[in-house]
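Visitor: I would like a close look at a single part of this model, with the cut-offs spelled out along the way.

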Amino acid sequence: MLYSSGWGDVNVENQAIIEAEGLTKKYGHQIVVNHLNLQIREGEVFGFLGPNGAGKTTTLLMFLGLTEPTSGKVSVIGFDPTRDPFHVKEKVGYLPENVGFYDDMDARQNLQYIARLNRIPDKISAGRIDESLKVVDLLEEVGKKVGTYSKGMRQRLGIAEVLIKEPKLIFLDEPTIGLDPDGTNRMLDLIHSLSREKNITLFLSSHLLDQVQRICDRVGIMIKGDLVAMGPIEELAKKKLGVDKEHYTLEEIYMKYFKEA
Amino acid sequence: MEDHFSSIRFLLISALIVMVGVIIASMVGMGIQEESKGMAKPTLIFLWLFTSTGKLFSFVQFIGFFGPLIGIFLGFDSINRERVSRTLSKLLSQPIYRDSVINAKFLSGVAMIAIVLVAIVLIISGLGIRLIGVVPGGEEVWRLVIYLIASILYVSFWLGISILFSVMFRSTATSALASLAIWIFFSFFVSLGAGALANAIAPVSQSASGIDVDAAIKNAQIQRTISLFSPMTLYSDATTTILDPMRKTTQALILMGPLERLSLSRFQNPLPLLQSLFIVIPHLISIVAITILCFGVCYLVFMRQEIRTV
């Protein structure tokens, strides 16, 4: 996280890709996100946990410049999403919860539409579309209308769509919610491989703790707009459950924080 | 950006309108053919195709009345359909400016409206040339062009209204009903209400000595002022005057002395194009203004809306 003083050995991998300082969002008098301070390093998989309505999605929307923060500073891939959403959206993918598609088009048409909105020339996008459909294992279903897709397939198509713009960072909002066990596993493997093989930073919000535990390097726990804990899972376990405990689950840690809040 | 062409709904409505347009044109055209048999051809007969009422109503009246429906059908679910299918937040997370979404929705709608209206006018003109055997002159063509521009603006105004509702209401059914309600209000009730209100404010008493002239004028003025609030009145006043050179004013009631009447009846010549245009320029400007105003409100509401309410 810290740079050394010398010229040569600035550790690029550890540069912050998201930085939030005192980020606050109020709707009227209701405080949805309260003075959030957060740093996400390049290349990590960060799990953003919290119960429903804790302000996770609002935080994501502020990072993307889709919602204006009431106060505080954010920087995402070096740009301020409030002032300069254009540059952020160019290099940051967002998979909303229950992503929607144009159901009367097939997968390729959907992806091509998004590619055009990203001003990717058709010649280049054709290759990228095939590649990303292959990554999410949907090449065989490509001719079907998206309206006929199952929930798991839609979610994977959502990932393919995000990959079209070759993002540095992807926000995933509840990526596995409502999927069957097989769909969940495929999704988690996919997310894991994106991080490992393409070195994409992943920021996923979820309340499905065992899944987060499987793939995330670090987690943050948000309860009622406050970020109550942040760090690697082992560290949080030591802090909350005692040093000696060898077998722990994220759920135990989470419940402890939840009860305290 | 848009897939208007492929939508079945749109094909239906344009088919309907084209069909009605053709029927009206052939009816009116044949009427003109019979009437003008053995007569010297009057000037500007070609425009009769659009303004003469035939058996039911003229083409101009028809567009004035049902044209708004094209606009409403094109726009009522433009934003909230994206919302319901959850594609709006995805769309907005792409590197495009937020206003380009609403601009594209509006402009593609306007383009569709222009295509449909120009096509109908061309169909009617073509049929008319065959039926009455008169080729339009330069002035008639210009009058038609002005008419077309006014019609496109007028239908775009209704497109703006329906897009506004689609931004404001989450459900497509609500926005469709709201747009239709506004349409019905302005098409039927404003003209009815204008009469009633004028009678209430300035009643015209029918006494033995005849009608009280001052009261009658006041009544007519109030009625007119109120009905001018309706975009439909604005539009139909403007277009009938543009297409019918014999009309010299948009007023319904003109007060004149016997000499004025005499002089008017002597000069029964059509107005030149520029003069017709001069009469209706306030109407045209009002139509432009309400269209821009409507889209402006739409734009503002959409830009300020919290994405979270999706």
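Which residues does A:Phe171 touch, not counting residues up to four places away in sequence?

Guide: Because this is a predicted model, local features are reported only at pLDDT of at least 70 and side-chain atom pairs count only at pLDDT 80 or more, while totals for chains, interfaces and linings use all residues. Residues are numbered from 1 along each chain as its sequence is written, with chains lettered from A and ligands numbered from 1 in the order in which they are written.

Leaving out residues up to four places away in sequence, A:Phe171 touches A:Leu60, A:Phe63, A:Leu64, A:Val92, A:Tyr94, A:Leu95 and A:Phe203, where two residues are in contact if their C-beta atoms, placed from the backbone, lie within 7 Å. A:Phe171 also belongs to the largest nonpolar core, which has 70 residues, and is listed with A:Leu64, A:Leu202 and A:Phe203 as having the most contacts inside it. Such a core is a set of buried Ala, Val, Leu, Ile, Met, Phe, Trp, Tyr and Cys residues joined through C-beta atoms within 7 Å; a residue is buried if 20 or more other C-beta atoms lie within 10 Å of its own, exposed if 12 or fewer, and partly exposed in between, with C-beta atoms placed from the backbone. The largest share of this core, six residues, is given by helix α3 (residues 107-117) of chain A, helices (H or I, at least four residues) and strands (E, at least two) being DSSP runs numbered from the N terminus. A second, separate core of 62 residues includes B:Phe59, B:Ile113, B:Val167 and B:Trp183. In soluble globular proteins, nonpolar side chains tend to be buried together.

Turning to the sheet of chain A, six strands form an open arrangement in the order β5-β6-β7-β3-β8-β9, with mixed pairing; two strands pair if DSSP finds at least two bridges between them. The edge strands, each pairing on one side only, are β5 (92-95) and β9 (226-232) of chain A. Neighbouring strands of this sheet are turned by 15 degrees against each other on average, direction ignored. Helix α1 of chain A packs on the sheet, touching β3, β5, β6 (169-173), β7 and β8 of chain A, and its direction makes about 155 degrees with that of β6(A); axes are lines fitted to C-alpha atoms, for helices over the stretch in contact, and angles run from 0 to 180 degrees between N-to-C directions.

Within this sheet, strand β3 (residues 45-49) of chain A has five of its five residues buried, so it is largely enclosed by the rest of the structure. From β3(A), A:Val45, A:Gly47 and A:Leu49 point one way, whereas A:Phe46 and A:Phe48 point the other way. β3(A) pairs in the parallel sense with β7 (residues 201-206) of chain A over five bridges, and A:Leu49 stands opposite A:Ser206 in β7(A). Four bridges join β3(A) to β8 (residues 218-223) of chain A, again parallel; in β8(A), A:Gly220 stands opposite A:Phe48, and A:Val219 is the bridge partner of A:Gly47.

As for the neighbouring chain, 19 residues of chain A are in contact with 13 residues of chain B. The elements that give two or more residues to the chain A side are α1 (56-64), α2 (85-91) and α3 of chain A.
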